[in-house]
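Got the viewer open and the cartoon showing? Let's walk through this one stop at a time, selecting as we go.

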Amino acid sequence: MAGVSRSEHEEFQKVLSIMGDETTCPVCLEEFQEPKCLPSCAHNVCERCLQNMVRRNSIRISCPQCREESFLPPLGVSAFPTNHLLLRLIDNTPARKEKKAVTEALRFCKERVEAAEKAVKDMEDCYDKATEQSQAMICEINTMADNIIQFINDKRKILLSQLDDFMTENYDTDSLRKQREDMIDLFQKARSSIQQANEILSGDDIEKILKFGDVLEEQLKEISSTLDTRTLEARKLSSQAEIYYNHFQVLELDEKCVEMLGTLTMSVTKYIHAGASAGLIDYGTCGEVTKTIETEFFTFAFAVSSVSGEIAALDEEERHVHVFSSQLDYLTSFRIRYGDLWDITFSKDEEIIVVNRECNRLLHYDKEGTFIKKYVKAPNDSVKFTRISTDGSGRLLVTSSPRDCCDEPEDEVQSCILVYSPDRRFLFSFGKDKLACPQDVVYHQGKFFVTDGDLECIMVFDSNGKFLLDFGNRDLLDPVGITADVINNVILVCDCSGNSIVAFKPDGEMISRIETAEEPAHVVLSACGASLVVCFNKSLFFQILSHKKNEQTA
């Protein structure tokens with residue numbers, strides 16, 4: 001301290017020490033918060049600490065310093081007199097503001113260090129998990145390919161063996177060779193005798209005819225007889241073979257090989273950084289309404305673009321789509337001419353896709369409202385397109401649900417989830433024997449999380465659609481919309497009848513319940529991932545929910 005002697009400095013430190021003792025609660029050992037003075041001994045204790053010390057049905061309270069007992073006022077410990085002199089002393093304590101500022105900065109820094117350490121650990125865990133999955137898939141693909149190759153080689157041996165057995169059984173190679181050689185010798189003798197006979201007959205030499213005629217006649221008859229015998233033997237060895245090789249054409253074979261070897265389903269959810277506060281949602285304190293966006297329409301459903309952060313809101317009654325910026329500034333709107341519109345999402349190409357439940361179609365539009373001719377075919381007549389979402393790889397996840405089916409009996413509608421590739425090819429469906437009334441679906445960390453209104457829970461399936469587990473039975477009344485906070489690894493569920501948004505870990509453990517004033521229908525994360533955007537049933541507004549920590553650290 002400039003201009004202060006050593007002795008003055010020591011005296012100053014003694015004063016600070018004495019003041020520190022006087023401004024510290026004897027129970028929590030922290031700086032007094034609303035100090036209350038006990039009337040029997042005049043010692044001071046924080047109001048909160050006194051409340052924790054009061055026993056049920058007790059009329060006295062013992063001083064934590066001297067054990068002197070004081071009678072509790074009828075209104076409780078809050079009625080004890082507040083020590084305003086002590087409060088002024090605390091406010092005027094030297095360096096108190098500086099100490100508080102440093103303490104707050106220290107707490108803030110520690111939180112950021114912990115967040116950074118967690119981010120690094122999550123990054124390493126994600127890489128390790130992806131590497132582990134990749135290596136496992138390499139082994140599985142190689143094993144499957146080796147098995148197919150072995151199967152093909154075994155099949156080739158069987159086919160070649162069948163062909164060899166057929167030839168051995170029906171064709172005696174040695175007999176055929178000997179028969180052929182004998183027939184060639186006989187042909188030469190026959191040709192020689194025929195030539196000799198022709199020469200004699202053509203020369204009109206009666207003397208030669210008389211001399212050699214009988215011999216030639218005998219030779220020709222003998223050769224003819226031998227030829228008849230050899231011909232019969234040759235015909236016995238002449239089995240007419242019909243051998244056909246039935247196989248796929250080259251293009252078909254390629255497709256069949258792909259089917260045999262299998263296909264890969266791969267997706268990765270990218271973290272879009274849009275600000276320093278991204279991903280810092282504290283679900284223990286989240287729930288404060290930081291902004292209300294009033295509208296002139298009822299938002300039936302909405303979706304956020306993973307690319308631009310823009311939000312598309314569906315007005316089902318007027319058949320309008322309204323587009324907002326990532327900062328929730330109104331941009332544009334367009335009208336859809338016909339249909340019973342139920343849900344909306346963004347494709348990976350930033351196209352807006354709307355579910356038309358009336359004709360079981362997915363309507364594609366650009367953000368200016370221009371219709372794009374793309375068709376998504378239902379795999380069968382029993383599915384009813386109801387909800388839609390998009391996963392990290394761009395696949396379309398379509399919910400088929402019997403809820404509110406006016407044009408056909410509910411028992412004829414198949415409850416399931418349909419998965420389409422980004423180019424709209426049907427891949428597979430799942431949940432037919434597990435789901436009752438699916439509402440919405442999200443894909444997170446290799447699993448499908450499905451809200452089911454009738455079962456009042458979340459149904460979890462693996463990447464191939466195999467049922468794994470369910471959770472939330474005791475925590476949810478009417479689960480509707482669902483989304484995933486990939487940064488914090490949290491599943492968010494709109495509990496419509498419960499007027500709340502419930503946060504779960506992926507294993508089903510409930511983290512917190514965020515109470516809402518109205519019935520929440522859909523929830524999405526803002527572009528920066530630091531707050532929630534919620535729309536409500538039959539409400540002319542939607543809201544941004546955040547928490548105080550974000551406001552302090554923004």
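**Stop one: pairs along the helices**

Select D122 and K118: both sit in helix α4 (residues 96-170), four residues apart, about one turn of the helix. Helices here are DSSP runs of H or I with at least four residues, strands are E runs of at least two, and both are numbered from the N terminus.

Before going on, a word on what you are looking at: this is a predicted model, where local features need pLDDT of at least 70 and side-chain atom pairs count only at pLDDT 80 or more, while totals for chains, interfaces and linings use all residues. Residues are numbered from 1 along each chain as its sequence is written, and side-chain values use heavy atoms, with hydrogens and water left out.

Now show the side chains of D122 and K118. They meet in a salt bridge, 2.8 Å from N to O. The term means a side-chain nitrogen of Lys or Arg within 4 Å of a carboxyl oxygen of Asp or Glu. Are these two buried or exposed? D122 is partly exposed, at 28% relative accessible area, and K118 is partly exposed too, at 43%. The cut-offs are under 20% for buried and over 50% for exposed, with partly exposed in between (1.4 Å probe, protein chains only).

Next, move to helix α5 (residues 173-203), and pick D174 and R177, which lie three residues apart there, about one turn of the helix. They form a salt bridge, with the closest N and O atoms 3.2 Å apart. D174 counts as exposed at 55% relative accessibility, whereas R177 is partly exposed at 44%.

Then try E217 and K221. What separates them along the chain? They are four residues apart in helix α6 (residues 206-236), so about one helical turn lies between them. E217 is partly exposed, with a relative accessible area of 41%, and K221 is exposed, with 53%. For a linked set, select E104, R107, E111 and R112: salt bridges that share partners join them into one network. A search of the whole structure finds 17 salt bridges.

**Stop two: a four-stranded sheet**

Color β14, β15, β16 and β17. They make an open sheet in that order, with antiparallel pairing. At the edges are β14 (385-390) and β17 (426-430), each pairing on one side only. Two strands count as paired if DSSP finds at least two bridges between them.

Zoom in on β15 (residues 396-400) and β16 (residues 416-420): they run antiparallel, joined by five bridges. Click L397 and you will find its bridge partner in β16, V419. S400 stands opposite C416 in β16. On to the next pair: β16 and β17 are antiparallel over four bridges, with V419 opposite F428 in β17. The hairpin of β16 and β17 has five residues between the strands, and R424 takes a positive phi near 75° there.

Why is β16 called largely enclosed by the rest of the structure? Because five of its five residues are buried. Look at each face in turn: C416, L418 and Y420 cover one side, I417 and V419 the other, and all are buried.

R395 is buried, with a relative accessible area of 4%. Its side chain makes a polar contact with the side chain of D391 at 2.6 Å. A polar contact is a pair of N or O atoms within 3.5 Å; within protein, one must be able to donate a hydrogen and the other to accept it, and residues adjacent in sequence count only if both atoms are side-chain atoms.

**Last stop: the largest nonpolar core**

Select Y283, L492, I501, I514, V523, L532 and V534. Of the 16 residues in the largest nonpolar core, these touch the most other members. Such a core is a set of buried Ala, Val, Leu, Ile, Met, Phe, Trp, Tyr and Cys residues joined through side-chain atoms within 4.5 Å. Elements giving two or more residues to this core are β23 (490-495), β24 (500-504), β26 (520-525), β27 (532-536) and β28 (541-546).
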